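Thanks for coming. I will walk through a few places in this structure, one after another, so please keep the view open.

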Amino acid sequence: MSNRPQLSVADLSCSQSASEWVIQCDFDGTISLRDTTDSLLNSYGLPGWEALEDAWEQGEIGSKECMQKQVALLDMSPEQLDASLQQIGMDAAFPAFLSAAQQQGIPFFVVSDGLDYAINTILSREGVHNLPILANHLVYQQGNRWSLETPWNLPTCASANCKCQHAQSSHQVGRKVLYIGDGSSDFCVSGKADVVLAKAKLINYCREQGIPHVPFTDFREALALLPGILSGTALEPAV
């Protein structure tokens, strides 16, 4: 139940784009208005998924272990999955932000610790197509049971999707990385990006760690900030 990405950040050296930047963007709570995995678990998760979430938040387990065990606890049909995803909205200004970046020749990747099928479904519904998506692969088993594959995991990383490797791949082909995110799954990679466009609790993390960043609340604001971000004039001073 997925469209696998046709382009990875490792292919950027072959890109015709003249931009020195690449944008890597989280999905859940950043592009989407709600976390898709949490929404599905709240509706269809069997007992135990909350304890896994708490263990991940406390740093007792990595997101790979958490996500795989949580997805195994989903008790929903494909029809229920699709109906639930219809209820999850997207930031209305995201298409305009994406278009502005693409018009400047900036490659744009969705880099998510969430579910590829959910991301594809929501983006397609909102008219956003052919965007490279680097995320975990949701697999339908039978009945109401599901499993999770983690094609972007590294053996040395506890995360289901090692976002740091994508930033590193962009740097290796001479690109600056603008990373956009909102939460805990974005903490590690924010220290690897050249600039972070941060919302919600990622703002406080960047401030505490002295990471160059630009605070934002939605993509309407991010669109107005983009020229300053790319020129380096919009950065909040590190403290």
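Val 111 sits in strand β2. Keep in mind that what you are looking at is a predicted model. Is Val 111 buried or exposed? With a relative accessibility of 0%, Val 111 counts as buried. Leaving aside residues up to four places away in sequence, Val 111 touches Gln 24, Cys 25, Asp 26, Leu 134, Asn 161, Lys 163, His 166 and Tyr 179. Tyr 140 is 29 residues from Val 111 along the chain, and their C-alpha atoms are 22 Å apart.

One of those contacts, Cys 25, takes us to the cysteines. How many disulfides does the structure hold? The count is 0. Cys 25 is in no disulfide, and the nearest cysteine sulfur, on Cys 206, is 14 Å away. Cys 25 is also buried, at a relative accessible area of 0%. For Cys 188, the nearest cysteine sulfur belongs to Cys 164 and is 3.2 Å away. A disulfide needs the two sulfur atoms within 2.5 Å, and Cys 188 is in none. Cys 188 counts as partly exposed, with 49% relative accessibility.

Next, helix α3, residues 63-72. Its buried residues are Ser 63, Cys 66, Met 67, Gln 70 and Val 71. Why do they share a side of α3? Around the axis they cover an arc of only 120 degrees, and that places them on the same side of the helix. In general, an α-helix has 3.6 residues a turn, so residues three or four places apart point the same way.

Just after α9 comes Gly 210, with a positive phi of about 70 degrees.

From the α8 side, look at Ser 190, which lies in that helix, residues 187-190. Ser 190 is buried, with a relative accessible area of 0%. Beyond residues up to four places away in sequence, Ser 190 touches Val 196, Leu 202, Tyr 205, Cys 206 and Ile 211.

Last, two helix pairs. Two packed helices are described by the angle between their axes and the distance between the axes. For α5 (residues 94-103) and α10 (residues 219-231), the axes come within 8 Å and cross at roughly 20 degrees. That angle makes α5 roughly parallel to α10. The crossing is left-handed. On the α5 side the contact is made by Phe 94, Ala 96, Phe 97, Ala 100 and Ala 101, and on the α10 side by Phe 219, Ala 222, Leu 223 and Leu 226.

The other pair is α4 (residues 78-85) and α6 (residues 116-125), whose axes come within 10 Å and cross at roughly 50 degrees. That makes α4 oblique to α6, and their crossing is right-handed. Here Leu 81, Asp 82 and Leu 85 of α4 meet Tyr 117, Ala 118, Thr 121, Ile 122 and Arg 125 of α6.

Terms used:
Residues are numbered from 1 along each chain as its sequence is written. This is a predicted model: local features need pLDDT of at least 70, side-chain atom pairs count only at pLDDT 80 or more; totals for chains, interfaces and linings use all residues. Side-chain values use heavy atoms; hydrogens and water are left out. Buried means under 20% relative accessible area, exposed over 50%, partly exposed in between (1.4 Å probe, protein chains only). Helices (H or I, at least four residues) and strands (E, at least two) are DSSP runs, numbered from the N terminus. The arc is that of the directions from the helix axis to the C-beta atoms. Axes are lines fitted to C-alpha atoms, for helices over the stretch in contact, and angles run from 0 to 180 degrees between N-to-C directions. Angles under 35 degrees count as roughly parallel, over 145 as roughly antiparallel, 65 to 115 as roughly perpendicular and the rest as oblique. A crossing is left-handed if the near helix is turned anticlockwise from the far one by less than a right angle, and right-handed if clockwise. Contact means heavy atoms within 4.5 Å.
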